[in-house]
Amino acid sequence: MRRIALPLIAVVLVAAVLGVQVAAGGGHYAPLRPADPCTPRPVPPIPAQLEPLAERIVLVGLDSAACRLGISRERLVLAVAETRTLSPQTTAAVKAGLRDAVDRLGREGRLPKVSQLLPEALDQANLPGIVKTIIEAIPDSLVDKLLPSGPLLRRTIDELDINRLLHELNDPRQLNSALQSAILQAVLRQILDRLRP
Amino acid sequence: MTADRGAHPASPLRSRTGAVAVLSLVVAVVLGDSGVVTLALPEILREFGAGVGEVAWVLIAFNLVLALVAVPAARLCVRGDPSVATAGGLIGFAAATSVCAAAPSLGVLIAARAAQAAGGALVIVGSLELLVEATDAERAGARRWAAAGVAGAALGPVVGGVLTSAFSWRAIFVVQIPIGLLALPAVIALRGRVVPNGVDPDMSPDRPHVLANLALALLSAALTAALFLLVLMLVDGWRHSPAVAAAAVTAVPVAALAAGPVFRGVRAGTRSEAVAGSVLIAGGLTGLALLPGAELVWTVAPQVLIGLGLGLSVDSLTAAALRDRIPRALHGGWTIAARHAGVVFGLAILTPVFTADLHHAETPAKEAIAGLVLDAPLPASTKLELAERLGRRLVAERGRVPDLRPAFTTLRVPATQAPAAAHLERGLEDQLKRAATRAFRNAFLVAAVLALLALGPALALRDRSRS
């Protein structure tokens with residue numbers, strides 16, 4: 001009995017320590033696992049401002065693009081950050097993901113009207129003062145009728161050069177310029193479509 | 001047959017006590033050198049710009065040479081006067097230690113560590129005979145020698161960490177030079193006291209104690225993991241200073257020294273102690289593999305288990321390996337060879353395991369960081385700027401656990417966003433600690449298996465109560 005007393009005490013001590021550690025979560029202490037991009041995440045309220053709207057469309061769109069590509073949102077972002085040049089397949093998935101995001105936010109009634117975004121957009125736009133004044137004079141109802149947010153955003157996404165945007169990510173001025181150019185093109189096409197008989 | 005003592009009049013008690021203390025200290029210092037640089041490895045790694053695999057050779061070179069040279073050094077001691085061999089070893093050890101202290105490159109440091117081990121081998125095996133002579137009692141001397149070795153092995157990393165933190169890794173070697181030289185007068189004073197017992201080491205009637213030495217080798221391999229991996233995890237993974245890490249790992253030596261008194265009432269022989277020690281060390285390593293958080297407090301209980309196991313098993317197995325075997329120094333040499341071969345074996349199989357796991361931990365850590373940044377309640381422009389900075393940090397420290405704090409220090413955010421930025425910084429640090437802790441898991445588990453393997457030879461030992 002005396003000979004096994006010490007090994008028995010050792011076993012009891014080890015069991016006690018390991019028991020406490022496992023009960024406290026030992027064995028599950030690991031980095032966060034990326035969420036399934038195919039399961040929609042809840043979307044918080046979006047203020048009627050350009051940057052939060054763009055950010056939300058990108059975040060929801062990344063999930064959708066990652067789901068299409070069969071990888072996690074985080075892996076897609078890291079791959080994009082490392083290469084800064086997307087393959088045609090990934091570019092198509094990203095654009096499709098962004099369009100999905102616009103559709104989802106539109107269905108959920110979360111897209112602000114263009115008239116709500118217009119003052120901020122004009123403030124940032126590099127347009128002559130007279131042009132800004134004329135645009136500001138257009139009634140909100142007409143703006144929203146001519147430029148419904150969902151279709152305008154979808155057109156903007158179509159106009160985007162994703163690879164160029166990725167290269168401009170570190171230069172806010174160039175990034176804004178590229179985005180404004182895409183938005184302007186989309187606005188013009190949208191208006192022309194509306195004006196066509 | 002035992003070694004005879006010279007026909008010299010008995011030394012005064014005070015000088016014998018002094019010689020025992022000095023010899024014990026020098027044995028502890030040399031055996032402590034096995035792991036003394038463990039806490040300094042991250043600093044050495046940074047100073048020489050080397051990888052973990054290369055820097056591990058600062059540990060491996062010492063232990064490999066000690067394992068290879070211990071038995072030949074013991075034969076040399078047995079053939080001549082152990083005090084002469086020990087004095088020669090001390091001089092060689094001090095000289096090589098001086099080179100370590102001034103090493104201009106990693107290559108020189110590794111070569112000097114190998115030379116240090118060669119001198120140290122002579123010091124250790126010679127000191128066994130000299131301690132028996134100085135204590136005037138065979139078993140007491142051998143036990144003192146084994147205990148000094150255990151204390152040195154357990155305290156080495158702690159002392160190394162404190163010196164690295166207070167001064168620099170070079171201080172570890174600077175302080176050893178006078179300690180080595182301090183022992184010289186005591187060793188020279190014992191010259192001629194131990195006369196050869198006439199046993200030719202090549203014709204020794206006693207074979208090495210295979211089971212005890214095998215158990216020592218396996219437990220040493222596991223213990224190396226305990227100290228080497230734990231220290232790397234604390235300093236490189238959890239980003240504690242060497243001083244904090246040194247304070248944290250004192251739980252092992254404290255528990256090792258406490259094992260004797262704590263278990264005095266239930267100690268029942270080498271087999272029982274070796275089995276209990278193996279279980280405790282394996283359990284402690286499993287505990288380190290299953291940490292529930294990156295707080296230092298979680299490492300204490302597993303360390304205590306490891307320390308208790310170390311205190312119970314290593315000196316008991318060493319005593320069993322030496323008991324009634326002559327030449328004593330030769331069998332002491334076998335125990336040293338077994339222990340340090342175990343250390344090398346442990347490092348050789350564990351270093352690739354955890355370096356590979358550390359590499360594989362990179363992707364989950366990056367994904368966790370990317371997820372937190374994407375979902376952080378910060379403006380998109382701030383996130384983009386932060387992502388760029390974090391990316392630079394990750395590239396700059398590729399292959400190591402990155403320090404992300406610099407990415408936040410110069411980040412300009414409005415006061416209203418500052419709490420969110422601070423929360424994100426803490427979250428990212430937490431993810432890195434999680435990834436680093438996870439990366440060490442498999443290595444700790446492999447080490448636990450090594451300790452469990454020691455149960456085989458431990459159970460096969462002939463049980464014999466300590467006398």
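Here are some questions and answers about a predicted model with chains A and B.

The model is predicted, so local features need pLDDT of at least 70 and side-chain atom pairs pLDDT 80 or more, while totals for chains, interfaces and linings use all residues. Residues are numbered from 1 along each chain as its sequence is written, and chains are lettered from A and ligands numbered from 1 in the order in which they are written.

User: How many helices and strands does chain A have?
Analyst: Let's start with the terms: helices are DSSP runs of H or I with at least four residues, strands are runs of E with at least two, and both are numbered from the N terminus. From the N terminus on, the elements of chain A read α-α-α-α-α-α-α-α-α-α. The count is 10 helices and 0 strands.

User: What radius of gyration does chain A have?
Analyst: This value is taken over C-alpha atoms, and the globule rule is 2.2 Å times the number of residues to the power 0.38. The C-alpha trace of chain A spans about 100 × 35 × 30 Å along its principal axes. A compact globule of 197 residues would come out near 16 Å, but chain A has 26 Å.

User: Are α2(A) and α3(A) roughly parallel or roughly perpendicular?
Analyst: Axes are lines fitted to C-alpha atoms, for helices over the stretch in contact, and angles run from 0 to 180 degrees between N-to-C directions. The axes of α2(A) and α3(A) are 8 Å apart, at an angle of about 95°. Under 35 degrees counts as roughly parallel, over 145 as roughly antiparallel, 65 to 115 as roughly perpendicular and the rest as oblique. Therefore α2(A) and α3(A) are roughly perpendicular.

User: Which residues of α3(A) meet α2(A)?
Analyst: Residues are in contact if their C-beta atoms, placed from the backbone, lie within 7 Å. On the α2(A) side are Leu62(A), Asp63(A), Ala65(A), Ala66(A) and Leu69(A). Their partners in α3(A) are Arg73(A), Leu76(A) and Val77(A).

User: Which helix gives the most to the side of chain A that touches chain B?
Analyst: In this interface, 36 residues of chain A are in contact with 42 residues of chain B. On chain A, α1 (2-23), α2 (50-69) and α3 (73-83) each supply at least two residues. The helix that gives the most, with 14 residues, is α1(A).

User: How far apart are the C-alpha centres of domain 1 and domain 2 of chain B?
Analyst: Domain bounds come from an automatic or database domain assignment. In chain B, domain 1 covers 12-195 and domain 2 covers 362-439. Their C-alpha centres lie apart by 44 Å.

Conventions. Contact = placed C-beta atoms within 7 Å.
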